[in-house]
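Student: I would like to learn how to read a structure. Please take me through this one step by step.

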Amino acid sequence: MDALCRICCIPAELLAKVPGLGPLIRMCCTSVGQKVLMALTGLALCGFLVTHLSGNLLLFAGEEAFNTYAEKLHSMGALLKAAEVGLLATFLAHLGLAVSTTAMSRRARSKQYAQKESKQGAFALPSGGASNWMLLTGLGIGAFLVLHLVDLKFKLRPDLDYATQDGAYATVNMVLPSPVSFVAYSVALILLGIHLSHGVRSALQSLGVSHSKWNKLIEIGSMLFAWAIALGFICVLGWVVLNS
Amino acid sequence: MSSDLINLTLRVWRQNDPDSQGQFESYQLNGVSTHMSFLEMLDVLNEQLIESGQESVAFDHDCREGICGTCSLMINGQAHGPDKATTTCQLHMRRFNDGDTVTIEPWRATGFPVVKDLVVDRGAFDRIISAGGYVSVNTGNAPDGNAIPIAGTTQEVAMDAAACIGCGACVAACKNASAMLFVSAKVSQLAILPQGQQERSERVVSMVSQMDDEGFGSCTNTSECEAACPAEISVSNIARLNREYLRASLCGRD
């Protein structure tokens, strides 16, 4: 874990050497700074999820609408490439910060308790359970993303015949119903819902968004957002599989 | 009144010094009055140990009325025992049943090394306070009360943060051993008030830096600290600390 953490720190150490960036990097390297970055990258990824889901919902509109959307997206060329690189960097930063903050917390308690109980009721805080699973759900989503990219971005699954499929709609309708994808996608989407149900609320708290008047709304809104995203993707998956 | 007496098995962490391994020892304690406080029960245990020629259990205690923050103890896996908004000295034996086994551990955190048995060194908290948890004032005559007008609601928020007794239950209960609730309370109580404005930016940056140097963990917003806090410090202070840190880092004076 510590070795992994040192690797994660390399980009920060290099960036700190760039003239003018030193103070910013030093600020971002403290425990509070890392959580702020974690929140910003997390919310940026949520923004991507909204865009991605909006695009996917076009599957309901039929083959023509979805293919037109896909072609338009891919015709953006360099702009799309830049967005993809930015997305990858955001994702890697989020992952690196997760490793770094987890390592910090592991070091903070080298000897565990023989017995440890919570003072929060089992269901007092809906995200209480999820908060204990952020790293594992995050890693699960990360592993799924590798499959997702192999499946639909690079089209490299050896057991599927991509050549016979014409257009994005047909490819999606071939890939999603395959047993491996269906199971992996279903599990990953539930993990995504759990991850976001704590992540969104936690990100806002890390950015200092908290007010007794609004906290309940923020809590409920974050939960609704998390499961709306997850269920939105699950609906797309279910619809495609049922129609195949 | 025999029903007011209970028999307990105590599993107590014993550790000779910071460098030794330490292990649990079991002690049978009979006839414990349910009217006793938890610390009085430990006093009785120690008398029993001394009478039988064994070394007494070292544990921290001072005021025994819930205001000094000296007592600690992880009791059956909960900081300060099972009750909310209660310190160990305010916990009574009536919360336990006849025949119970009670596990007693020290706070466990790298920032709080064990000194002996159940006593941990909470000097890290003092060093965090020294780093910035103060205000600079002119010495001399005491200033007039209410010389600086402060709205009642502001006073209340500052007072809620100032209620922190620095016991370390937040660190003990947090799965990351994070000291964010403590630091946020100490930053908030001064950041809200006019007297704290002079060092406002410098304070939060120095205290966060010291907190990291002491080896405390990172906050994952689980709110376990708030639930464990005997002074009921709210996690809204942690959000304020994050705001203060961002404000100080981005636009605070050098």
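Student: How many helices and strands are there in chain A?

Tutor: This is a predicted model. Chain A has 10 helices and zero strands. Read from the N terminus on, its elements run α-α-α-α-α-α-α-α-α-α.

Student: What does the C-alpha trace of chain A span along its principal axes?

Tutor: The span is about 55 × 50 × 40 Å. Chain A has 244 residues, of which 28% count as buried. Among contacts in chain A with a separation of 6 or more, 75% are between residues 24 or more positions apart.

Student: How are two packed helices described?

Tutor: The description uses the angle between their axes and the distance between the axes. Take helix H7 (residues 134-153) of chain A and helix H9 (residues 179-206) of chain A: they pack at an angle of about 140°, and their axes are 9 Å apart.

Student: Why are H7(A) and H9(A) called oblique to each other?

Tutor: Only an angle over 145 degrees would count as roughly antiparallel. The angle here is about 140°, and H7(A) and H9(A) are therefore oblique to each other.

Student: Is the crossing of H7(A) and H9(A) left-handed or right-handed?

Tutor: That crossing is left-handed.

Student: Which residues make the contact?

Tutor: On H7(A) they include Met134(A), Gly138(A), Ile141(A), Phe144(A) and Asp151(A). On H9(A), Ala184(A), Leu191(A), His195(A) and Gly199(A) are among them.

Student: What is the make-up of the contact of H7(A) with H9(A) by class?

Tutor: This contact has nine nonpolar, seven polar and one charged residues.

Technical notes
Residues are numbered from 1 along each chain as its sequence is written. Chains are lettered from A and ligands numbered from 1 in the order in which they are written. This is a predicted model: local features need pLDDT of at least 70, side-chain atom pairs count only at pLDDT 80 or more; totals for chains, interfaces and linings use all residues. Axes are lines fitted to C-alpha atoms, for helices over the stretch in contact, and angles run from 0 to 180 degrees between N-to-C directions. Helices (H or I, at least four residues) and strands (E, at least two) are DSSP runs, numbered from the N terminus. Angles under 35 degrees count as roughly parallel, over 145 as roughly antiparallel, 65 to 115 as roughly perpendicular and the rest as oblique. A crossing is left-handed if the near helix is turned anticlockwise from the far one by less than a right angle, and right-handed if clockwise. Two residues are in contact if their C-beta atoms, placed from the backbone, lie within 7 Å. Ala, Val, Leu, Ile, Met, Phe, Trp, Tyr, Cys and Pro count as nonpolar, Asp, Glu, Lys and Arg as charged, and the others, Gly among them, as polar. A residue is buried if 20 or more other C-beta atoms lie within 10 Å of its own, exposed if 12 or fewer, and partly exposed in between; C-beta atoms are placed from the backbone.
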